[in-house]
Amino acid sequence: RALGRPGGTQALASRPMTTFTRLGEYLIRRELGKGAMGVVYEGFDPAIERTVAIKTILPAQLSSEEAGNVLARFKREAQAAGRLNHPGIVAVYDYGEEIADEDHNMVAGDAAAQARQRVAYIAMEFVKGRELRDFFEANERFALKDTERLMAEILDAMGHAHANGVVHRDMKPANLIVLADGRVK
């Protein structure tokens with residue numbers, strides 16, 4: 001999975017549901033994981049009936065000095081990833097910003113103006129699989145031919161990104177998902 005962190009399927013059922021019910025056009029189903037600056041949710045696009053991963057950033061959790069820079073970088077990430085079309089790279093569908101109240105419920109009108117808590121989000125392809133890191137932590141090993149194939153897929157995806165002016169900047173086993181059919185994103 002180059003760019004973004006849609007998340008695997010490990011240990012997701014034990015995580016609590018979020019109080020978000022919607023971000024933009026997307027219905028929120030459950031929390032997939034938390035990072036330093038935001039949360040990734042499983043969402044659903046009711047217009048085309050597609051499950052998506054929604055990566056969020058809550059600017060209110062950042063200092064005012066860093067919030068502007070982080071939001072700008074987050075939007076550039078969505079724009080850069082959105083230019084890419086490769087089977088080994090998670091597809092980006094949408095970028096948006098919404099207003100949420102302190103309980104993270106979407107609000108509108110005067111309440112939105114008073115809350116002033118923005119949520120920036122990227123809606124992307126929902127990927128089911130296992131993080132490569134999980135294989136390593138479980139001391140599971142790949143056959144040499146599978147290692148060669150996985151590396152070729154990863155390098156092909158990175159080559160596509162680089163050819164389009166995109167550098168991942170956080171390539172690591174936790175950011176690579178091995179799909180059920182053995183391919184990697």
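Helices (H or I, at least four residues) and strands (E, at least two) are DSSP runs, numbered from the N terminus. The model is predicted: local features need pLDDT of at least 70, side-chain atom pairs count only at pLDDT 80 or more, and totals for chains, interfaces and linings use all residues. Residues are numbered from 1 along each chain as its sequence is written, and side-chain values use heavy atoms, with hydrogens and water left out.

Helix H3 (132-137) and helix H4 (144-163) each give at least two residues to the lining of the second largest pocket. A pocket is an open set of points on a 1 Å grid over the protein atoms alone, where a 1.4 Å probe fits, with protein on both sides within 12 Å along at least five of seven lines; lining residues have an atom within 4 Å of a point. The volume of this pocket is about 170 Å³. H4 supplies the largest share of the lining, six residues. The lining includes Leu132, Phe136, Arg141 and Thr147.

The structure contains three aromatic pairs (rings of Phe, Tyr and Trp, its six-membered ring, with centres within 6.5 Å; planes under 30 degrees apart count as stacked, over 60 as edge-to-face and the rest as tilted). One of them, Tyr26 with Tyr121, is edge-to-face, at 6.2 Å centre to centre and 80 degrees between the planes. This pair links distant parts of the chain: Tyr26 lies in strand E2 (residues 26-34) and Tyr121 in strand E6 (residues 117-125), 95 residues apart.

Arg50 lies over the face of Tyr93, 3.6 Å from the ring centre (CZ of Arg or NZ of Lys within 6 Å of the centre and within 35 degrees of the ring normal). Arg130 lies over the face of Phe135, at 3.9 Å from the ring centre.

Definitions and conventions:
Grid points are joined across faces, edges and corners, and a volume is the space filled by probe spheres set on the points.
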